[in-house]
Amino acid sequence: MFKNALVYRIVSWNAPTPTDIEERLAGARFVECAATQMESAGWQEPRGERHGALLESVGGHWILSLCTETKAVPGGVVRRQLEEQLAKIEAETGRKPRGRHAKEIKEQLVHALLPRAFPKRATTPVWIDTKAQLVVVGAASMKKADAIVTRLVELLGGGIVLRPLQTELSPATAMSEWLRSKEAPAGFSIDRDCELKQPDSEKAAVRYARHTLDIDEVGEHIAQGKLPTQLAMTWAGRVSFVLTEAMAIKKLKLLDVVLEGAGTAGPDNGFDADVAITTGELAPLIAGLVDALGGELERDVQAAAPRPAEAANDEALAA
């Protein structure tokens with residue numbers, strides 16, 4: 001369900017009811033690109049059932065799915081037709097269009113070619129943990145996740161305020177210490193992939209792939225000033241992932257020990273089981289990672305504490 005994850009703290013939110021959110025989602029449902037439209041995005045059914053619910057609640061965990069469709073005209077086709085068009089105009093007028101005029105001709109060509117372009121779709125899962133007051137976006141890049149969060153803030157209402165999950169120690173600082181000391185934090189193990197970069201203009205980099213990291217050479221690179229930007233790890237022998245300097249969790253994989261007891265898919269094609277297993281594994285992983293990074297910044301912990309009115313709303317939702 002989640003291959004990547006970026007985590008956001010719900011700083012404050014007077015949460016609407018699931019019914020209210022469902023109505024909001026219906027107004028922003030995914031519609032495929034029109035003939036000359038380059039991109040379209042909207043919410044779709046997490047279960048994949050046509051005309052089904054756009055907000056699914058499983059064990060108190062809310063699941064959404066954002067679908068994005070893009071159409072792109074191959075650059076080589078555009079360049080070739082543009083050159084032909086410019087050459088034709090030059091032959092007719094004696095002057096080759098340049099600057100803004102050439103740009104306008106290019107835009108017209110792209111617009112004319114779009115109806116023949118093949119659309120490409122991608123889906124991004126979103127998990128709202130109402131109990132832990134966290135939002136997990138299934139994206140690897142902060143730019144993509146922030147764009148989705150902007151949509152969520154507009155959609156969910158209730159004065160929701162989201163902030164990237166921040167810890168007392170930066171991931172780069174913590175990963176440096178783990179590699180230097182050759183000791184993983186409690187509950188974790190260090191795997192065999194790592195990237196270190198020099199934080200200067202040259203960005204000198206060293207990458208280890210499928211290589212033991214319990215060697216003095218890694219510590220020497222850190223002593224020379226290189227910082228880890230990616231580190232492969234495993235949580236409790238159950239979930240493998242790559243932690244980045246930006247606090248992104250990439251290449252998430254539930255290990256066999258987790259999947260062995262999953263059983264066969266039920267009438268819902270295993271959706272509820274997938275959600276229960278995924279959230280059941282990722283929730284303690286995120287909590288363990290925050291602990292390993294020195295705990296969450298105190299300002300975020302205090303801000304996220306439910307106020308009496310919010311607590312009453314939570315109880316109403318649970319009922």
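1. Helix α2 (residues 75-93) and helix α3 (residues 99-113) cross at roughly 130°, and their axes come within 10 Å. Axes here are lines fitted to C-alpha atoms, for helices over the stretch in contact, with angles running from 0 to 180 degrees between N-to-C directions. The α2 and α3 pair is therefore oblique (under 35 degrees counts as roughly parallel, over 145 as roughly antiparallel, 65 to 115 as roughly perpendicular, the rest as oblique). The crossing of α2 and α3 is right-handed, that is, the near helix is turned clockwise from the far one by less than a right angle.

2. This is a predicted model, in which local features need pLDDT of at least 70 and side-chain atom pairs count only at pLDDT 80 or more, while totals for chains, interfaces and linings use all residues. Residues are numbered from 1 along each chain as its sequence is written, and side-chain values use heavy atoms, with hydrogens and water left out. Helices are DSSP runs (H or I, at least four residues), numbered from the N terminus.

3. On the α2 side, Val77, Val78, Gln81, Leu82, Gln85, Leu86 and Ile89 meet Ala102, Ile105, Lys106, Leu109, Val110 and Leu113 of α3 (contact: heavy atoms within 4.5 Å). By class, this contact of α2 with α3 has 10 nonpolar, 2 polar and 1 charged residues. Nonpolar covers Ala, Val, Leu, Ile, Met, Phe, Trp, Tyr, Cys and Pro; charged covers Asp, Glu, Lys and Arg; the others, Gly among them, are polar.

4. Helix α1 (residues 18-26) packs on helix α4 (residues 142-156) at an angle of about 120°, with the axes 9 Å apart. These two helices are therefore oblique to each other, and α1 passes α4 in a right-handed crossing.

5. Ile21, Arg24 and Leu25 of α1 meet Glu154, Leu155 and Leu156 of α4. The classes in that contact are 4 nonpolar, no polar and 2 charged residues.

6. There are 2 cavities of 30 Å³ or more. A cavity is a set of points on a 1 Å grid over the protein atoms alone where a 1.4 Å probe fits but cannot get out; lining residues have an atom within 4 Å of a point. Points are joined across faces, edges and corners, and volume is the space filled by probe spheres set on them.

7. The second largest cavity has a volume of about 30 Å³. Its lining consists of Val7, Leu165, Met247, Ile249, Ile286, Leu289 and Val290, which divide into 7 nonpolar, no polar and no charged. Helix α8 (residues 271-292) gives the most to this lining, with 3 residues.

Conventions:
On a 1 Å grid over the protein atoms alone, a cavity is a set of points where a 1.4 Å probe fits but cannot get out, and a pocket is an open set with protein on both sides within 12 Å along at least five of seven lines; lining residues have an atom within 4 Å of a point.
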